[in-house]
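Dear colleague,

I am handing over the structure shown below. Please keep it open beside this message while you read the findings that follow.

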Amino acid sequence: ILWEDFAMYERKKLFCDLDDTYLDTEPYLRSVCKANGLLTFKGICIYDMRYTPMYKDIIKEVMKDYSVIPTKVGAEECMKVLETEYDIIFVSSYLEEYEAEAKRSLAKSLGKPIILININDSTSEIGDKSKVNMQGGVFIDDILAHLVKSNASKRILMLNKYQSDLENICKGVWTSNDLVVSDWYSITDELMKGDEDDNLRKCICERVSECCKQYGV
């Protein structure tokens, strides 16, 4: 099977959150705060500290330049595999314009479109991503509330020890078609399987497995 033959297949949409889904934002912010002698607390989201004296300048400096924030393990390699079959679109919320500009710049550097949701213009405290039409597509986010409001055909929750609401998942807001994952390799294995072209997908999944071994996943 030739890779150029892949063009005949219909492209699907993959909508992907940035913070703590593609990027390791909160752990990085916490590490920067600790490096500057500031305490971080397990029960308090670091984003809630962004207007607190002493914390706000450090957090602002990081969020003005998203290129410094590391990606989650395997995210870059897996996205290269996924983009052979999916059109990938970033969907992210923001509070300040400098944050939005930093996210636009990152998306541009990655060659991906981005949909930005201004939390200040939303009635929701976490930003209303349900306004984005994801029908027929896949949506990956680390916040359950974003996912359950989405009209995406498949929803994937990236586990986040600071955000994930596992109790509500157990209460039945999740369906059998939805997925809970802790890494990008699991996402790729799930989304690239199927029977449209078993040989091609076998080749791709073997490449992902090699990445897993390399990173000890």
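Leaving aside residues up to four places away in sequence, Tyr22 touches Cys16, Asp17, Thr71, Lys72, Ala75, Glu76, Met79, Phe90, Leu110 and Trp184, where contact means heavy atoms within 4.5 Å. The model is predicted: local features need pLDDT of at least 70 and side-chain atom pairs count only at pLDDT 80 or more, while totals for chains, interfaces and linings use all residues. Residues are numbered from 1 along each chain as its sequence is written, and side-chain values use heavy atoms, without hydrogens and water.

Tyr22 also belongs to the largest nonpolar core, which has 41 residues; Tyr22, Leu82, Trp184 and Ile187 touch the most other members. Such a core is a set of buried Ala, Val, Leu, Ile, Met, Phe, Trp, Tyr and Cys residues joined through side-chain atoms within 4.5 Å. Buried means under 20% relative accessible area, exposed over 50%, and partly exposed in between (1.4 Å probe, protein chains only). Helix 3 (residues 75-82) gives the most to this core, with five residues. Apart from it lies another core of twelve residues, including Val91 and Phe139.

As for the whole chain, eight helices and six strands make up its secondary structure; these are DSSP runs, helices being H or I of at least four residues and strands E of at least two, numbered from the N terminus. Of its 217 residues, 47% count as buried.

Ile44 lies in the loop between helix 1 (25-35) and helix 2 (56-63). Why is Ile44 counted as partly exposed? Its relative accessibility is 37%.

Yours sincerely
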